[in-house]
Amino acid sequence: IIKGNGGFDVIVGNPPYVEYGTKLKSVYTLRDYDTLECGNLHAYIAERGLKIISINGYLGLIIPLPSISTSRMVDLQKIIKPNDNNDRSVWISAFDERPSSLFDGVDQRLIIEILSAKVEIPLLSTTGINRWSSATRFNLFFNLNYAVQENNNLKYGNSILKIKNNKYESSILRKFYLNKSILNFKSDTITKNLIYYRTAGGRYWKVIEDKPSGTGTVSEKAAYFRDLESSQAVALISSSTFWWYYSCHFDMFNLKDYMIFGFRFSNGSSEILAKLKRNGIDYLNSLQNHAEVKIINSKTKGLVEQKQYVINKSKPIIDEIDKVLAVHYGFTDEELDFIINYDIKYRMGKELEGED
């Protein structure tokens, strides 16, 4: 099939999501895989599959969403993404694990990717992240909508962007990437300008503060800035513009340094910076005013008080931040509306539906 006839016409699979760690390495050794540093069997199976499909063949796999979104999987992303070396078309549909999951009992964000061997006009088509309730599961695949991404989108970093509306998002990306990353504001030494954030968790919102949250979470970290005040940094990372950027580029669970400092904002005018400062202060005050203290039963500590943030109640202030950023980036009214309403159904939840 392979040697005499050029390979399989179609390969379909749901490969194991298993780490290639010490246990497996003691059983067998892999060599000559470009994706070896990815450290997971699903990456090796994807690479092998692409090598044994025919010149007109297709590979279809169900694999974890981080495979297209995290720095660890860069080597896999390079062989998946259409480029000068492979001339393939790619279709990627992405699925959250809440409110309902793609597989019962599998609590992971997943993608279904379909890769062609070689075509005359390579295309990258994506759906953005899909969410659904169990009651609407039967319509899930019928309602998938793919956006054909512009070639420029392939140049924005290594990750494969989850674009769902090419009409607005490609234009937003072009304007966004005219800015330098806020890595230029990062300080390697302790300064008074800092933010606190959690490296994991937070389904539809990320808690960004200018002081420790007091929730006792072990995943909380601090980041320090120069030439950017705490309230301004809080405003930037708490904006819906950041949420859109984060959702497009990353796995929507982890929040690592490179994800935060990859956000693009530079050469802000004094007026823009002054407004961001005011909005950031208003947002921080609102965050505390709407926080709720609840009693939880901890397995290790018993009954403890825990502060929980209800960030969606601060959405009007976040909208004001995004209006300021829209002026800075040069977004149209339609693009601003897209940003403000990005993921709004799930971010606002019951409040949007008029429920208690």
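Biologist: Which residues in H5 meet residues in H8, and which residues in H8 do they meet?

Modeller: This is a predicted model, in which local features need pLDDT of at least 70, side-chain atom pairs count only at pLDDT 80 or more, and totals for chains, interfaces and linings use all residues. Residues are numbered from 1 along each chain as its sequence is written, and side-chain values use heavy atoms, with hydrogens and water left out. Contact here means heavy atoms within 4.5 Å. On the H5 side stand Ser231, Gln232, Val234, Ala235, Leu236 and Ser238, and they meet Leu273, Leu276, Lys277, Gly280, Ile281, Tyr283 and Leu284 of H8.

Biologist: How do the residues of the contact of H5 with H8 divide into nonpolar, polar and charged?

Modeller: Ala, Val, Leu, Ile, Met, Phe, Trp, Tyr, Cys and Pro count as nonpolar, Asp, Glu, Lys and Arg as charged, and the others, Gly among them, as polar. By these classes, the contact of H5 with H8 has eight nonpolar, four polar and one charged.

Biologist: How many helices and strands does the chain have?

Modeller: Helices (H or I, at least four residues) and strands (E, at least two) are DSSP runs, numbered from the N terminus. On that basis the secondary structure comes to 11 helices and 10 strands.

Biologist: What radius of gyration does the chain have, and what would a compact globule have?

Modeller: The radius of gyration is taken over C-alpha atoms, and the globule rule is 2.2 Å times the number of residues to the power 0.38. The C-alpha atoms fill a box of roughly 70 × 50 × 45 Å along the principal axes. For 356 residues a compact globule would have a radius near 21 Å, and the chain agrees with this at 22 Å.

Biologist: Which residues of H2 are buried?

Modeller: Buried means under 20% relative accessible area, exposed over 50%, and partly exposed in between (1.4 Å probe, protein chains only). Helix H2 (residues 41-51) is mostly covered, with eight of its 11 residues buried. Their packing partners are strand S1 (8-13), helix H1 (22-25), strand S2 (53-64), helix H3 (74-80) and strand S4 (110-116). The buried residues are Leu41, His42, Ala43, Tyr44, Ala46, Glu47, Gly49 and Leu50.

Biologist: Which residues make the contact of H6 with H10?

Modeller: The axes of helix H6 (residues 240-249) and helix H10 (residues 333-340) come within 8 Å and cross at roughly 75°. The two helices are therefore roughly perpendicular. The contact is made by Ser240, Thr241 and Trp244 of H6 with Phe338, Ile339 and Ile340 of H10.

Biologist: Which residues in H10 does H4 meet?

Modeller: Helix H4 (residues 166-176) packs with H10 at an angle of about 100°, their axes 10 Å apart. The contact has four nonpolar, one polar and four charged residues. From H4, Tyr168, Glu169, Ser171, Ile172 and Lys175 meet Glu334, Glu335, Phe338 and Ile339 in H10.

Biologist: Is aspartate 343 buried or exposed?

Modeller: Aspartate 343 lies in the loop between H10 and helix H11 (344-348). Its phi is near 60°, a positive value in a residue other than glycine. With a relative accessible area of 8%, aspartate 343 is buried.

Biologist: Is asparagine 267 buried or exposed?

Modeller: Asparagine 267 is placed in the loop between helix H7 (257-261) and H8. Although not a glycine, asparagine 267 has a positive phi of about 55°. Its relative accessibility is 71%, so asparagine 267 counts as exposed.

Key. Axes fitted to C-alpha atoms, helices over the stretch in contact; angles between N-to-C directions. Parallel < 35°, antiparallel > 145°, perpendicular 65-115°, else oblique.
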